[in-house]
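Opened the notebook for this chain today. I want to go through the packing, the charges and the rings in turn.

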Amino acid sequence: MSEIPHFLPWQQQVASSWLTQRERFAHAWLIHGMAGIGKRQFALAAAASLLCESPQEGLACGHCAACLWVAGGNHPDLRRIRPEAIALEEGTDTAEEPAEQSGAAKKAPSRDIRVEQLRVLSPWFNTATHRGGWRVAVLYPAEALNSISANALLKVLEEPPEHTVFLLVVDAPDRILPTLVSRCRRLPLAVPSPADSAEWLSSQGLDDSTQWLAAAGGAPLRALEMSRAGGGACPEWLAQLVRSSAQGAMPDVGALAESLEKETPKVWIDALQRLFLDLSLAAAHASVRYFPELAGQIKAIAQKVPPATLADTGKWLVQQRAVADHPLNTKLFTYSALSRAALACQPQR
């Protein structure tokens, strides 16, 4: 049997204060904040607490029948609504989702929340809860709702089922339909303090966490994920690009592109985006955020490049990230993106 979902240390005080007001609880909550701080875990632990029959200071007791059902993944009043790809990554049961038609060609797991996933829940919404308590639907990430599924959810929230709480997880509310946001109460989650993050990371076996936390923008779960992926907090290819550019030399873009052949485009584009934010901060005489070990070289580049060039490249990288999942030619896409980034770091003549 699995463990019941629990709140992370920096979430417990906020969760307890919030959940002790359940008599006046809204029917839908938008749980939002920086990626990598534990919003999904918060939502799942909140669901367990709402279903608990003997909550302690608003939090799940971990011992009652409801808690044991949640831990076993079979509580009748709990549903998780997430893309099939995420469900497979979690290694969890997707039985609540509609089965594929017999004989249909096997497709890649969807990264969208499909309208069928909401429609199949109609009978669940319209039946009595197991013991007259709450019914909880946890939906994550809300950004994965497409236009059809978002409108289907909106219709449900306009006339919400009785005794039902929806917990929607999203990085930023402006990434989903404004009408959906208007139907939810917001619950922002803050980034934990560096001390709290470092203490938790140490408990996870990551003792030297300073550079990892910096690379993750202070998000501890993201820092742990990055550390377990291998390599360093600052990728070597990125360090080479920065070092060459700081010396006024054009890096070997071809070699850098070859080193990224096995990397997912979104991963290295994300690293470039963080670099250009650091460059913009350095241009404004502020401390770099993501790659402090390269602070000297980053400042040297920022002194020679117009801030407008750095800002324009940062905006261009956002556009590239939006199409990174389906490049027509992966090698050409990688080479072109690295070339543009490297050129943007060169002194203007």
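Which residues in the largest nonpolar core touch the most other members? This is a predicted model, so I read every entry below as computed from it.

**Entry 1: the cores**

I looked up the largest nonpolar core and found 39 residues in it, with Trp237, Leu272, Leu275, Phe276 and Ile298 touching the most other members. Then I checked where the core comes from: helices H12 (236-246), H13 (253-259), H14 (265-283), H15 (295-302), H16 (307-322) and H17 (330-344) each give two or more residues to this core. H14 gives the most, with 8 residues.

Leaving out residues up to four places away in sequence, Leu272 touches Trp237, Leu238, Leu317, Leu338 and Ala341. There is also a second, separate core, of 38 residues, and Ala46, Ile86, Leu189 and Ala219 are among them.

**Entry 2: a loop residue**

Is Phe291 buried or exposed? I found Phe291 in the loop between H14 and H15, and its relative accessible area is 0%, so Phe291 is buried. I listed its contacts beyond four places in sequence: Ala233, Cys234, Pro235, Leu238, Ala271, Arg274, Leu275, Asp278 and Ile298. I also took the C-alpha distance from Phe291 to Pro306, which comes to 20 Å for two residues 15 apart along the chain.

**Entry 3: helix H3**

Next I went to H3 (residues 65-72), where the buried residues are Ala66, Cys67, Val70 and Ala71. Looking down the axis of H3, I see these buried residues within an arc of 140°, so they line one face of the helix. The general rule I had in mind: an α-helix has 3.6 residues a turn, so residues three or four places apart point the same way.

What do the buried residues of H3 pack against? They pack against helix H2 (39-51) and strand S2 (78-81). Just after H3, I noted that Gly73 takes a positive phi of about 75°.

**Entry 4: salt bridges**

I counted the salt bridges and got 14. I wrote up three of them.

- Glu236 and Arg243 meet through their side chains, 2.7 Å from N to O. Both ends are partly exposed: Glu236 has a relative accessible area of 46%, and Arg243 has 32%.
- Glu225 and Arg222 form a salt bridge at 3.7 Å, N to O. They sit 3 residues apart in helix H11 (residues 220-228), so about one helical turn separates them. Glu225 is exposed at 51%, whereas Arg222 is partly exposed at 27%.
- Glu116 pairs with Arg114, with 3.8 Å between the closest N and O atoms. Glu116 is partly exposed at 35%, and Arg114 is partly exposed at 23%.

**Entry 5: rings**

How many aromatic pairs are there? I get 10. Phe7 and Phe42 make an edge-to-face pair, 5.1 Å centre to centre with 65° between the planes. This pair links distant parts of the chain, since Phe7 is in the segment before helix H1 (12-19) and Phe42 is in helix H2, 35 residues apart. Phe7 is buried at 7% relative accessible area, and Phe42 is buried at 0%.

Trp18 and Trp29 are edge-to-face too, at 5.4 Å centre to centre and 85° between the planes. Trp18 belongs to helix H1 and Trp29 to strand S1 (residues 28-32), 11 residues apart. I checked burial here as well: Trp18 comes out buried at 6% and Trp29 buried at 5%.

Conventions: Residues numbered from 1 in each chain as written. Predicted model: local features only at pLDDT ≥ 70, side-chain atom pairs only at ≥ 80, totals over all residues. Heavy atoms only, no water. Buried < 20%, exposed > 50% of the residue type's maximum accessible area, 1.4 Å probe, protein only. Helix = DSSP H or I, 4+ residues; strand = E, 2+ residues; numbered from the N terminus. Arc of directions from axis to C-beta. Contact = heavy atoms within 4.5 Å. Salt bridge = Lys/Arg side-chain N within 4 Å of Asp/Glu carboxyl O. Core = buried A, V, L, I, M, F, W, Y, C linked by side-chain atoms within 4.5 Å. Phe/Tyr/Trp six-rings, centres within 6.5 Å; stacked < 30°, edge-to-face > 60°.
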